[in-house]
Amino acid sequence: MSVDPQQLLRELFATAIDAAHPQQVLEAHLPADRSGRVIVIGAGKAAAAMAQVVERCWQGEVSGLVVTRYGHGAPCEKIEVVEAAHPVPDAAGLAVAKRVFELVSDLSEEDRVIFLLSGGGSALLALPADGISLADKQSINKALLKSGATIGEMNCVRKHLSAIKGGRLGKACWPATVYTYAISDVPGDLATVIASGPTVADPSTSAEALAILKRYAIEVPASVRTWLQSPESETVKPGDPSLARSHFQLIARPQQSLEAAAVKCRQAGFSPLILGDLEGESREVAKVHAGIARQIVLHGQPLAAPCVILSGGETTVTVRGNGRGGRNAEFLLSLTDSLKGLPGVYALAGDTDGIDGSEDNAGAIMTPDSYARAAALGLSASDELDNNNGYGYFEALDALIVTEPTRTNVNDFRAILILESTKHDA
């Protein structure tokens, strides 16, 4: 089979990103009646690209304001695009959240609001609840990011410390009609978790948020503890009449991207195995993937090579060292350490938004000789893993993937390409 494994992996990654791009997925979901006035608001790494689609397709009057991560903006003529910090919110995110809230707080039944939502929106649309400072939210956010908490747990805390998340933005829009169009970056595609669900009812509780902070031994300022113990901290619950005219539509999800990559695999002559949306510690998820890859190489199970293992979701990293690298570099470093140069196995792990954690790379590529090449440079995969230094490891191998911001986000994408099995039937 004459295929360049690294090139195929890069093509699979590009296919996954393209399958979830706003330019491909948003227009078909917009209301059939696109005349009249519409107010567009939005938050997330895809917000600017989504706003461009609305501007292009809407026939009536369009105005509004969206916030995206620094570097993820796109030129719009009618909708203002503001950039702010992610994953830890900053003053720019606070200022734009206040403006978004004011923009929708005095509407009528005749008004229509389009809310463009994607991953990253939780940090970007930062409006702390009364009595909680931005500094309090920043410190808790940083601690959560290092703790190993899942995205669902992090967003449970975030929305109970917010004046805009957990359905509160949707409540502020009442009695206008709200159409939320979301690109999912979370395992399970739960509307309550995507960017902390600003326009949907939330069944989680403040007591659960406090329990999460306790579980991960996160220091809680007195003002935050007082707020979470108050009934006012509860989010908008299911059945609240203020959300009766708020409609939620998922327009892209990780599974679509995995399926698009699977089609590409078959076209290239490889059998795909989709493991789906996964959570857990990056290094542990990698060990499971390594076990499956080894079983395929040695025994031709659960399928025979040539094949590609595909998975998505959002893993976590419990930061122990001082190295550089996001969860995809950590996954790939752990995979490299587990496989130790197993012949015929190549892998790519990357974030579909183009940013792995807070670095300038989307991810990296592992080849069968990565382990040996790094060792020749004096780099131990296990030592670098102890230091959370996946970026440094793959930078030394010139194996980082740099895409720049993609302006979409269906989270992690992983592909392990296996050229052949060593098992031979008698």
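Predicted model: local features only at pLDDT ≥ 70, side-chain atom pairs only at ≥ 80, totals over all residues.

Residues are numbered from 1 along each chain as its sequence is written, and side-chain values use heavy atoms, with hydrogens and water left out. Helices (H or I, at least four residues) and strands (E, at least two) are DSSP runs, numbered from the N terminus.

**The parallel sheet**

- Two strands count as paired if DSSP finds at least two bridges between them.
- Angles here run from 0 to 180 degrees between N-to-C directions, and axes are lines fitted to C-alpha atoms, for helices over the stretch in contact.
- Six bridges link β4 (residues 112-117) with β5 (residues 177-183) in the parallel sense. Look for L116, which stands opposite Y181 in β5.

**The mixed sheet and its helices**

- Another open sheet also has six strands, ordered β7-β8-β12-β9-β10-β11, with mixed pairing.
- At its edges are β7 (271-278) and β11 (400-401), each pairing on one side only.
- β9 and β10 run antiparallel and are joined by four bridges. The bridge partner of L348 is I365 in β10.
- Helix α1 (residues 5-19) lies across β8 (307-313), β9, β10, β11 and β12 (412-418), at about 30° to β9.
- Helix α11 (residues 254-267) packs on the sheet too, touching β7, β8 and β12, and its direction makes about 165° with that of β7. Contact means heavy atoms within 4.5 Å.

**An annotated stretch**

**Charged pairs**

- There are 17 salt bridges in the structure. A salt bridge is a side-chain nitrogen of Lys or Arg within 4 Å of a carboxyl oxygen of Asp or Glu.
- K45 and D353 form one of them, at 2.4 Å from N to O. This pair links distant parts of the chain, 308 residues apart: K45 is in the loop between β1 (38-43) and α3 (47-57), and D353 is in the loop between β9 (345-351) and β10 (363-366).
- K45 is buried at 6% relative accessibility, and D353 is buried at 0%. Buried means under 20% relative accessible area, exposed over 50%, and partly exposed in between (1.4 Å probe, protein chains only).
- E27 and R34 meet at 4.0 Å, N to O. E27 is partly exposed at 36%, whereas R34 is buried at 15%.
- E109 and R245 make a salt bridge at 3.7 Å, N to O. They are 136 residues apart, with E109 in the loop between α4 (91-103) and β4, and R245 in the loop between α10 (222-228) and β6.
- Salt bridges with shared partners join E314, R327, D351, D412 and R414 into one network.

**A charge without a salt bridge**

- D185 is found in the loop between β5 and α9 (206-215).
- D185 is buried but has no salt bridge, and the nearest side chain of opposite charge is K45, 6.1 Å away. Lys and Arg count as positive and Asp and Glu as negative, while His and the chain ends are not counted.
- Leaving out residues up to four places away in sequence, D185 touches several residues, including G119, E314 and N411.

- Most residues other than glycine have a negative phi, and most peptide bonds are trans.
- A cis peptide bond joins H86 and P87, with omega about 10°; P87 lies in the loop between β3 and α4.
- W174 and P175 are also joined by a cis peptide bond, with omega about 10°. P175 is in the loop between α8 (168-173) and β5.
- N388 is not a glycine, yet has a positive phi of about 50°; N388 is buried at 4% relative accessibility.
- N411 has a positive phi of about 70° without being a glycine. N411 is found in the loop between β11 and β12 and is buried, at 1%.
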